[in-house]
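Try each task before you read its solution.

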Amino acid sequence: DGASAVIAPGGSGGLGNLCFKTSTNRAPRKSTEGKPGVELLLRLELMVMADVGLLGFPNAGKSTFISRVSAARPKVADYPFTTLAPNLGVVDMGLDGSFVVADIPGLIEGAADGAGLGHRFLKHLSRTRILIHLVSMGPDELAPVEERYLALRTELDRYDSELGRRREIIVLTKTDLVDAETLEECREALTEASGGAEIYAISSVVGDGIQDLKHRIWSNLGTLEESLS
């Protein structure tokens with residue numbers, strides 16, 4: 001707020017005859033040409049700023065999650081690419097404060113090269129402080145959870161190596177659709193694939209694990225604040 005930048009400098013004005021007036025030449029007939037300013041054809045794009053960015057394949061449960069933890073009401077449906085534009089939601093943490101979550105359209109393998117819809121919104125993730133990587137446990141998922149996780153990690157690294165090093169929380173979603181044994185197997189597979197990261201399991205529909213995840217996100221944001229101060 002309040003920042004300014006010169007994108008296209010204006011031209012410099014020429015000198016009129018008054019500048020060449022002297023005591024002996026009261027009415028000079030001399031002047032100089034001005035110089036034209038810069039002309040550009042610009043395309044301006046809004047880049048979302050948020051504390052937390054939701055990352056995941058289409059139908060990973062991002063929109064359902066943000067509608068559960070905030071007042072945002074994005075479109076939710078059982079087909080891919082339901083979200084066509086980023087949605088922002090404010091998560092209220094009571095007297096402690098709040099944080100902003102950005103629901104980014106689903107990414108697919110090859111997004112860094114322009115595949116799918118989500119590639120247009122990869123840039124929005126660069127303006128977030130923490131990434132929440134949602135991995136669906138839904139029955140319509142064919143690839144193992146660790147393969148889907150690593151596929152999107154590869155896209156992040158290819159798009160922006162700094163983004164690939166951003167702090168991340170991995171979350172298994174739609175856990176109400178699988179049994180405890182399957183959930184544990186997937187958790188172990190993701191732990192190994194991520195190099196020992198802590199894995200959270202939630203069901204946005206039922207509400208399981210939502211509060212624990214909110215407090216974990218809040219704790220991570222607080223840690224980042226301390227490291228910057």
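**Exercise 1.** Is Leu-42 buried, partly exposed or exposed?

*Solution.* Start with how the model should be read. It is a predicted model, in which local features need pLDDT of at least 70 and side-chain atom pairs count only at pLDDT 80 or more, while totals for chains, interfaces and linings use all residues. Residues are numbered from 1 along each chain as its sequence is written, and side-chain values use heavy atoms, with hydrogens and water left out.

Next, recall the cut-offs: buried means under 20% relative accessible area, exposed means over 50%, and partly exposed lies in between (1.4 Å probe, protein chains only). Leu-42 has a relative accessible area of 48%, so Leu-42 is partly exposed.

Finally, place Leu-42 in the chain: it sits in the segment before strand E1 (52-55). Helices (H or I, at least four residues) and strands (E, at least two) are DSSP runs, numbered from the N terminus.

**Exercise 2.** Describe how well helix H1 is covered.

*Solution.* Helix H1 spans residues 62-69. Six of its eight residues are buried, which makes H1 mostly covered. The buried ones are Lys-62, Ser-63, Phe-65, Ile-66, Ser-67 and Val-69. For the whole protein, 38% of the 229 residues count as buried.

**Exercise 3.** Find the largest cavity and say what lines it.

*Solution.* First, the rule: on a 1 Å grid over the protein atoms alone, a cavity is a set of points where a 1.4 Å probe fits but cannot get out, and lining residues have an atom within 4 Å of a point. The count is one cavity of 30 Å³ or more.

Second, its space: the largest cavity holds about 50 Å³. A volume here is the space filled by probe spheres set on the points, with grid points joined across faces, edges and corners.

Third, its lining: there are 13 lining residues, and Phe-57, Leu-134, Val-135, Ser-136 and Arg-148 lie nearest the centre. Strand E4 (130-136) and helix H3 (145-159) are the elements that give two or more residues to this lining. E4 supplies the largest share, four residues.

Notes:
On a 1 Å grid over the protein atoms alone, a cavity is a set of points where a 1.4 Å probe fits but cannot get out, and a pocket is an open set with protein on both sides within 12 Å along at least five of seven lines; lining residues have an atom within 4 Å of a point.
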